[in-house]
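Subject: Structure handover

Hello,

The structure is below, with the sequence. My notes on what was found in it follow.

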Amino acid sequence: ADRRVGEISRPEITHYVYEANKHLSAISKKNVLTNLSVLFNFMVRRDILAVNPVNKIDRPTVPFQKPHVLSPLDFEKLLRTCMEHHWSERLVVFVLVGFCGIRTEEASRLKWSNIQLENKIVEVPATVAKKARFRNNPIPVNASKWLALVEDKRRTGPIIGSTWECQLRSAIAASRITYHQNAIRHSFCSYAIGAGWPLADVIAYMGHSGSPSMIYSHYRNVVSADDGKRWFSIVP
């Protein structure tokens with residue numbers, strides 16, 4: 001708190017991450033370095049620093065972990081749980097993430113007017129999209145059938161309220177499925193690639209800025225082609 005940013009050296013940062021915080025996982029260390037880099041890049045842009053001292057610090061190697069995905073059966077169970085409890089808002093969010101590839105945080109901030117079933121697209125405004133990148137996500141055929149169940153031209157405003165995190169967690173708990181963080185979005189990507197979608201389309205749906213080779217290597221072979229087709233055949 002009492003240090004000038006220009007006095008903080010690369011060796012000090014290295015010691016802070018790899019020695020003072022050696023108990024952290026490789027992913028956490030990498031996140032710490034990323035956050036520090038954002039800070040120092042800000043200082044460089046403001047001409048407070050000449051260089052970012054984090055740039056030449058080696059990042060820890062993060063071992064590959066297979067993404068956690070839901071089975072088509074579990075996802076269908078989750079959607080049907082929402083239907084049985086008349087949780088229309090939660091159903092819509094799960095459909096937008098699982099079949100349209102939209103981030104949960106993005107879907108929870110969309111308005112009913114952003115879902116254009118007649119045009120078969122979901123509009124993700126720049127004010128909602130990560131990194132303010134506007135995009136239109138096509139709505140797959142099976143997703144249209146789920147969304148048609150709750151379509152109401154009289155609906156206005158946000159799709160789901162500000163307590164959306166609690167609402168989604170309670171729906172997952174009520175469905176009694178095994179769930180890991182971001183599993184639904186990871187499922188979308190894995191099943192889309194498994195179903196044979198062009199990689200460019202998958203990346204466009206996800207609004208992802210990562211390299212195509214990274215995404216392909218991370219998500220390919222996670223699920224079978226049959227399961228990929230089964231995922232996008234889940235209908236009411």
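Where does Arg176 lie? Arg176 is in the loop between helix 7 and helix 8. Helices here are DSSP runs of H or I with at least four residues, strands are runs of E with at least two, and both are numbered from the N terminus.

Two notes on the source before the rest. This is a predicted model, in which local features need pLDDT of at least 70 and side-chain atom pairs count only at pLDDT 80 or more, while totals for chains, interfaces and linings use all residues. Residues are numbered from 1 along each chain as its sequence is written, and side-chain values use heavy atoms, with hydrogens and water left out.

The loop between helix 7 and helix 8

Arg176 is not a glycine, yet it has a positive phi of about 60°. Asn182, found in the loop between helix 7 and helix 8 as well, is another non-glycine with a positive phi, about 65°. Most residues other than glycine have a negative phi. Arg176 counts as exposed at 74% relative accessibility, whereas Asn182 is partly exposed at 33%. The cut-offs are under 20% relative accessible area for buried and over 50% for exposed, with partly exposed in between (1.4 Å probe, protein chains only).

The chain overall

The chain contains eleven helices and three strands. In sequence order the pattern is α-α-α-α-α-β-β-β-α-α-α-α-α-α. The C-alpha trace spans about 60 × 40 × 35 Å along its principal axes. Of the 236 residues, 41% are buried. Taking contacts (heavy atoms within 4.5 Å) between residues at least 6 apart in sequence, 66% join residues at least 24 apart.

Charges and salt bridges

There are 32 positive and 20 negative side chains, and the centres of the two sets lie 2 Å apart. Lys and Arg count as positive and Asp and Glu as negative, with His and the chain ends not counted. Each charge is placed at NZ of Lys, CZ of Arg, CG of Asp or CD of Glu.

Side chains of opposite charge can pair when their charged atoms come close. The whole structure has six salt bridges, each being a side-chain nitrogen of Lys or Arg within 4 Å of a carboxyl oxygen of Asp or Glu.

- Glu76 and Arg80 form a salt bridge at 3.0 Å, N to O. Both lie in helix 3 (residues 72-84), four residues apart, about one turn of the helix. Glu76 is partly exposed at 23%, and Arg80 is partly exposed at 28%.
- Glu12 and Arg3 form a salt bridge at 3.2 Å, N to O. Glu12 is partly exposed, with a relative accessible area of 34%, and Arg3 is partly exposed at 40%.
- Asp227 and Arg230 have their closest N and O atoms 2.2 Å apart in a salt bridge. They sit three residues apart in helix 11 (residues 225-231), about one turn of the helix. Asp227 is partly exposed at 24%, as is Arg230 at 46%.

Helix 3 has 13 residues and reaches 18 Å from its first C-alpha to its last. This is close to the expected 18 Å, which is 1.5 Å times one less than the number of residues. Its buried residues are Pro72, Phe75, Leu78, Leu79, Thr81 and Cys82. They pack against helix 4 (88-98), helix 6 (141-150), helix 7 (164-175), helix 8 (183-194) and helix 11. Just after helix 3, His86 takes a positive phi of about 60°.

In helix 6 the buried residues are Asn142, Ala143, Ser144, Trp146, Leu147 and Val150. These pack against helix 3, helix 4, strand 1 (115-116) and helix 11.

Lys66 lies in the loop between helix 2 (26-45) and helix 3. Lys66 is exposed, with a relative accessible area of 54%. Lys66 and His218 are 152 residues apart in sequence, and their C-alpha atoms are 7.5 Å apart in space.

Regards
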